[in-house]
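These are my notebook entries on a single model. I record what I looked up, with the cut-offs behind each term.

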Amino acid sequence: MKVTIGIKALNEEKRIADALASAVAAVAPFGGEVVLADSGSTDRTIEIARQFPVRIVQLANPAERCCGAGAQLAFQSAKGEYFYLLDGDMVIDPGFLPAGIAYLEENKDVAAVGGHVRERNTQGHEFQIRANTVANDRNWSPGIVDRLDCGGLYRTSAVREAGWFADRNLHAFEEFELASRLQARGWKLARIDVPAIDHFGHTEDGYHLLLRRIRSGYSGAPGEVLRGAIGRSHLPIVLRRLGHVRNGLAVMAWWLLLLVALVTWHPFVLLGLILVPLAFLSWRRGSPRLGLYSLTAWNVSAAGLLAGFFRRRTPPDRPLGAIELKHG
């Protein structure tokens, strides 16, 4: 089989029909398949998916639910020579697979290729900051890149050589972790000048999104990535390229300085330690509102770095238990 599109979902009834319809249309010219990997939806996601010519697999143990587990469940069920992972709130552009497959067949040293990502919900704090960052980040521009955030088309053989598609322990950063393992083995990743997906994302404001990430375990993902890299060949790449680790350590040092200023009671030093980072981030983000949000997010990320690093792990190459709800 030439290509598989995997879709990971959890309670995605609002967008899942569009995601499935776009994926079915995209694989049709190649005789490919679509696999819906569900992590235990309690809404109408499965009911809607049954109306499409797709295979449906569901995580057998809901306690294992996380972003990495959903992505790996989709991959371990795939049969295609190439594999693309979609979230349940994404729609794939019909022109991407032909361009992506052609690129990979012409560039044998490239493990995966992505395209342009069009963010459709850009009102929250997070996405306003991302929009400003993307313009200056080469990983979102055509060419050789360090990672393929928001997805890409992967050479299945390269992924299997690297061990697994997504670390089943991760609550986020699956694409970064996979890219690190692939690059440690000498593979390249690329982005081409072709539309790939429309991403609808979360619509809540940034602070509600931060709270959601704390509750879901997402905020601990950088620590999980770092812990998983200990003793492996991709550790230097993680330390060099995962900014959340450096930022988290910087915030922890800032906490220590705040504690010293508080204990020794130097109120002006304490006030300066609070105002200087806030002023810097406000300037960097273009407004005090986004600066305050960034300072809050950095503190959440630093706390998550610690929590994620010490979180219990399951061997990432252990297959996930799955229940097949519908044959393709």
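**Entry 1: the second largest pocket**

I looked up the second largest pocket and found 13 lining residues, of which Ala 63, Glu 64, Asn 169, Arg 312 and Thr 314 lie nearest its centre. The search used a 1 Å grid over the protein atoms alone: a pocket is an open set of points with protein on both sides within 12 Å along at least five of seven lines, a cavity is a set where a 1.4 Å probe fits but cannot get out, and lining residues have an atom within 4 Å of a point. I note that this is a predicted model, in which local features need pLDDT of at least 70 and side-chain atom pairs count only at pLDDT 80 or more, while totals for chains, interfaces and linings use all residues. Residues are numbered from 1 along each chain as its sequence is written, and side-chain values use heavy atoms, with hydrogens and water left out.

The second largest pocket holds about 280 Å³ of space; a volume is the space filled by probe spheres set on the grid points, which are joined across faces, edges and corners. Its lining divides into two nonpolar, four polar and seven charged residues. The classes are nonpolar for Ala, Val, Leu, Ile, Met, Phe, Trp, Tyr, Cys and Pro, charged for Asp, Glu, Lys and Arg, and polar for the others, Gly among them.

**Entry 2: Asn 169**

I then followed Asn 169, which sits in the loop between α6 (156-162) and α7 (174-184). Helices are DSSP runs of H or I with at least four residues, numbered from the N terminus. Asn 169 is buried at a relative accessible area of 11%, where buried means under 20%, exposed over 50% and partly exposed in between (1.4 Å probe, protein chains only).

What does the side chain of Asn 169 reach at 2.7 Å? I found the backbone oxygen of Thr 314 there, and a polar contact with the side chain of Asp 167 at 2.8 Å. A polar contact is a pair of N or O atoms within 3.5 Å, one able to donate a hydrogen and the other to accept it within protein; residues adjacent in sequence count only if both atoms are side-chain atoms. Leaving aside neighbours within four places in sequence, I list Cys 66, Glu 224, Arg 312, Arg 313, Thr 314 and Pro 316 as contacts of Asn 169 (heavy atoms within 4.5 Å).

Eight of the nine residues of α9 (residues 221-229) are buried, so the helix is largely enclosed by the rest of the structure.

**Entry 3: cavity and cysteines**

I counted one cavity of 30 Å³ or more. The largest cavity holds about 50 Å³, and its lining includes Glu 174 and Glu 175.

I count zero disulfides.

Methods: Helix = DSSP H or I, 4+ residues; strand = E, 2+ residues; numbered from the N terminus. Disulfide = S-S within 2.5 Å.
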